[in-house]
Amino acid sequence: MVNEADLRHLRRCVELAAQALDAGDEPFGSVLVAADGTVLAEDHNHVASGDRTRHPEFELARWSAAHLTPAERAAATVYTSGEHCPMCAAAHGWVGLGRIVYATSSEQLAGWLAELGVPAPPVRTLPIQQVAPGVPVEGPVPELADRVRELHRRFHGRS
Ligand SMILES: [Zn+2]
């Protein structure tokens, strides 16, 4: 179940996604939260640099490996505006992070991008649990879908 605290962190992810868009980058944002609710780190997409692996979930996985114990990682939650791609889900699984809560699913995003006529990405879209089966995953959260969809439409110049 997604509670009020989860929603607050997800709204922050959507804000970070909007910041990425304002900076000319793809609209994705993520927040890493400790077991006690402390926000440890946050990031948004940095793929406009030309490095298309610079996803926020990947950055947070590597940050957690550098700064947290295995127990702290397992107890932490990653919130994200869009479900992890397979690369980020794998990184999340490899570093042993805990729960994931996402606002919108990869399936939703694929549908929106298809509507916008955006070519398919070079990496297949898979649900997180097909890549990292041990990770507890929650999402999507319907009340955030319109806002995230609007960010993607703006990024692709459609509104
Ligand atoms: Zn990713």
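Predicted model: local features only at pLDDT ≥ 70, side-chain atom pairs only at ≥ 80, totals over all residues.
Helix α7 spans residues 145-155, and V148, L151, H152 and F155 are buried within it. These four residues cover an arc of only 95° around the axis, which places them on the same side of α7.

The packing of α7 with α1 was examined through the helix axes, which lie 10 Å apart at an angle of about 10°. Because angles under 35 degrees count as roughly parallel, α1 is roughly parallel to α7. On the α1 side the contact is formed by V14, A17, A18 and L21, and on the α7 side by R147, V148, L151, R154 and F155. Classified by residue type, the contact of α1 with α7 comprises seven nonpolar and two charged residues, with no polar ones. Of the residues contributed by α7, V148, L151 and F155 are among those that are buried.

The arrangement of α7 with α5 is described by an angle of about 45° and an axis separation of 11 Å. The two helices α5 and α7 are therefore oblique to each other, and their crossing is right-handed. Here Q108, L109, W112 and L113 of α5 meet A145, R149 and H152 of α7. The residues of this contact of α5 with α7 divide into four nonpolar, two polar and one charged. H152, which takes part in the contact with α5, is also one of the buried residues of α7.

Backbone geometry was considered on either side of α7. In the loop between β5 (137-138) and α7 lies P140, which is joined to G139 by a cis peptide bond with omega of about -5°. Just after α7, G157 adopts a positive phi of about 70°. In general, most peptide bonds are trans, and most residues other than glycine have a negative phi.

Helix α1, which packs with α7 as described above, also contains A5. A5 has 12 C-beta neighbours inside 10 Å and so counts as exposed, the cut-off for that class being 12 or fewer. Along the chain, A5 and P27 are 22 residues apart, and their C-alpha atoms are separated by 22 Å.

Methods. Residues numbered from 1 in each chain as written. Buried ≥ 20, exposed ≤ 12 C-beta atoms within 10 Å, placed from the backbone. Arc of directions from axis to C-beta. Axes fitted to C-alpha atoms, helices over the stretch in contact; angles between N-to-C directions. Parallel < 35°, antiparallel > 145°, perpendicular 65-115°, else oblique. Left-handed = near helix turned anticlockwise from the far one by under 90°. Contact = placed C-beta atoms within 7 Å. Nonpolar A, V, L, I, M, F, W, Y, C, P; charged D, E, K, R; others polar.
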